[in-house]
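Please look at the sequence and the structure before reading on.

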Amino acid sequence: MAATLEDKDFHYLINCILNAILCFTASTLNGITIYALRKASTLPKPMRTLLLSLAVSDVGVGFLAQPLYSALLAVAFQGKKNTPNYEKMFRGFMTTLHLFSAASYTGIVILALDRFLAIHLHLRYRELVTQRRVVAVVILNWVSAALLASMELLNLTDISDGYYSFLAISGNIITPILYCNIYSTTTRHASQIRAIQVDATQQCGQVGDAVRLRKSITGTFLVYLAFLLCYLPSLTTRFVILIAGASDTRRLCQVYAITMIYLNSSLNPLIYCWKVRQIRRTVVEMLSSSVLRCRRLEIRQTAKHSRKRSLELPVPRRLDRRQEEPRF
């Protein structure tokens, strides 16, 4: 069923408003997350580096990708799609979409691989997964994402779409396998720790390490699950358009699917604050200090205003009031 012009305008307007709101939330929440990650010194450096890479990609979505997409929808809403500015804007939008989505997705796969190595290598994890190697992997990830975006910028859409599809399919195969293996291993380790009869202090230490590792794995799995739920509509819509062809209804579904992709950048900081205690504590302290600072500033401004009014309207002394009273 073909969509009318009024329906298209309504859907373009709704998505333009949603993306304008999500621009603010993605930029603000991820900026706070980056600050909290830099202050969370107790968090392991490899995991902190990988989370910082994800947060930077989400900030890029809020500052670049979503404003371009909102402007694109605004131009489509005004009915000016057949203009040179629209083509340039669309090219920039596709470039930023490929850049940040590829960096985010491969970053999530790398994060799952990091948790897999942490649960399987045990004491050898710190020897093999060093900070320098993690930084090199993150840089390589961003370089490959930039190459994919440059293919889109140079109008090599066939190569970029093939690479993007390969990345999505391989990632969706590798990541669930990693998390299934991680879940079975952590369950087996927990049962072994409870079964072994050791002294109470050693057992408490082992159980505590296992619980902390399991919480971090749960957090990274939720990040992957949110990513999958937000990207699945876009992949499904692209597959349907590739098989059955494009129509007005399918293109409108694709507009909503891209908005779902950008929603993921606002969900990730909430997951970090919910599941990572160090980040949550830093964010709470920062917000508390901001509230206290605003309250102190308000008290100072109120006191300054009161002093100013007292100087402008001096209160007469009691002696002066007695002199001004009429005598009979």
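Is Phe227 buried or exposed? Phe227 is buried, because its relative accessible area is 2%; buried means under 20% relative accessible area, exposed over 50%, and partly exposed in between, with a 1.4 Å probe and protein chains only.

The model is predicted, so local features need pLDDT of at least 70 and side-chain atom pairs count only at pLDDT 80 or more, while totals for chains, interfaces and linings use all residues. Residues are numbered from 1 along each chain as its sequence is written, and side-chain values use heavy atoms, with hydrogens and water left out.

**The protein as a whole**

The protein has 10 helices and zero strands. Helices (H or I, at least four residues) and strands (E, at least two) are DSSP runs, numbered from the N terminus. Of the 328 residues, 37% count as buried. Among contacts with a separation of 6 or more, 79% are between residues 24 or more positions apart; a contact means heavy atoms within 4.5 Å.

**Aromatic pairs**

A pair of aromatic rings is described by the distance of the centres and the angle of the planes. Rings of Phe, Tyr and Trp (its six-membered ring) pair if their centres lie within 6.5 Å; planes under 30 degrees apart count as stacked, over 60 as edge-to-face and the rest as tilted.

| Pair | Centre distance | Plane angle | Class |
|---|---|---|---|
| Tyr179 and Phe221 | 5.2 Å | 70° | edge-to-face |
| Phe227 and Tyr231 | 3.9 Å | 15° | stacked |

Tyr179 lies in helix H6 (residues 157-195) and Phe221 in helix H7 (residues 200-244), so this pair links distant parts of the chain, 42 residues apart. Tyr179 is buried at 7% relative accessible area, whereas Phe221 is partly exposed at 33%.

Phe227 and Tyr231 both belong to helix H7, where they are four residues apart, about one turn of the helix. Like Phe227, Tyr231 is buried, with 9% relative accessibility.

Ring pairs also join Tyr69, Phe90, Phe93 and Tyr262 into a cluster.

**A charge over a ring**

The charged end of Lys275 sits over the ring of Trp274, 5.0 Å from its centre. This term requires NZ of Lys or CZ of Arg within 6 Å of the ring centre and within 35 degrees of the ring normal.
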